[in-house]
Amino acid sequence: MLLIMHFQLSEEHLMIQKAARDFARNRMFTRGHKRDEHQKFPKEQILKLAELGFMGMMVDPAYGGSGMDTVSYVLAMERSVK
């Protein structure tokens with residue numbers, strides 16, 4: 001018997017994927033080389049990542065995290081390196 005599984009991302013996952021992609025393209029990669037040349041910590045970008053909920057993604061909201069699932073985390077990490 002052949003079993004076929006169809007995996008689809010939820011609307012929330014798609015929004016997380018888009019937000020991570022947009023952030024990486026518009027905020028990180030456009031300024032990264034200058035930051036690296038001057039060896040400057042990207043404080044502004046880290047604060048924005050936290051604002052978007054990408055810091056502490058899998059930490060329970062009771063402890064200050066976003067409470068997201070593993071798929072959300074993987075989507076954010078995968079989008080940030082492409």
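A crossing of two helices is called left-handed if the near helix is turned anticlockwise from the far one by less than a right angle, and right-handed if clockwise. The structure shown is a predicted model, in which local features need pLDDT of at least 70 and side-chain atom pairs count only at pLDDT 80 or more, while totals for chains, interfaces and linings use all residues. Residues are numbered from 1 along each chain as its sequence is written, and side-chain values use heavy atoms, with hydrogens and water left out.

The chain has 4 helices and 0 strands, where helices (H or I, at least four residues) and strands (E, at least two) are DSSP runs numbered from the N terminus. Of its 82 residues, 24% count as buried, that is, under 20% relative accessible area, with exposed meaning over 50% and partly exposed in between (1.4 Å probe, protein chains only).

Helix α1 (residues 11-28) packs with α3 at an angle of about 165°, their axes 12 Å apart. Because of that angle, α1 is roughly antiparallel to α3, a term for angles over 145 degrees, and their crossing is right-handed.

L14 lies in helix α1 and is partly exposed, because its relative accessible area is 36%. From C-alpha to C-alpha, L14 is 8.7 Å from L75 in space, although 61 residues separate the two in sequence.

M58 belongs to the loop between α3 (43-51) and α4 (70-80), and its relative accessibility of 46% is why M58 counts as partly exposed. Together with Y73, V74 and M77, M58 forms a nonpolar patch on the surface, with about 360 Å² of accessible area in total.

Notes:
Patches are made of residues with over 30% relative accessible area and no salt bridge: like charges are joined within 9 Å, nonpolar side chains (Val, Leu, Ile, Met, Phe, Trp, Tyr) within 5 Å. Accessible areas come from the Shrake-Rupley method with a 1.4 Å probe; for residues, only the protein chains shown count as cover. A salt bridge is a side-chain nitrogen of Lys or Arg within 4 Å of a carboxyl oxygen of Asp or Glu. Axes are lines fitted to C-alpha atoms, for helices over the stretch in contact, and angles run from 0 to 180 degrees between N-to-C directions. Angles under 35 degrees count as roughly parallel, over 145 as roughly antiparallel, 65 to 115 as roughly perpendicular and the rest as oblique.
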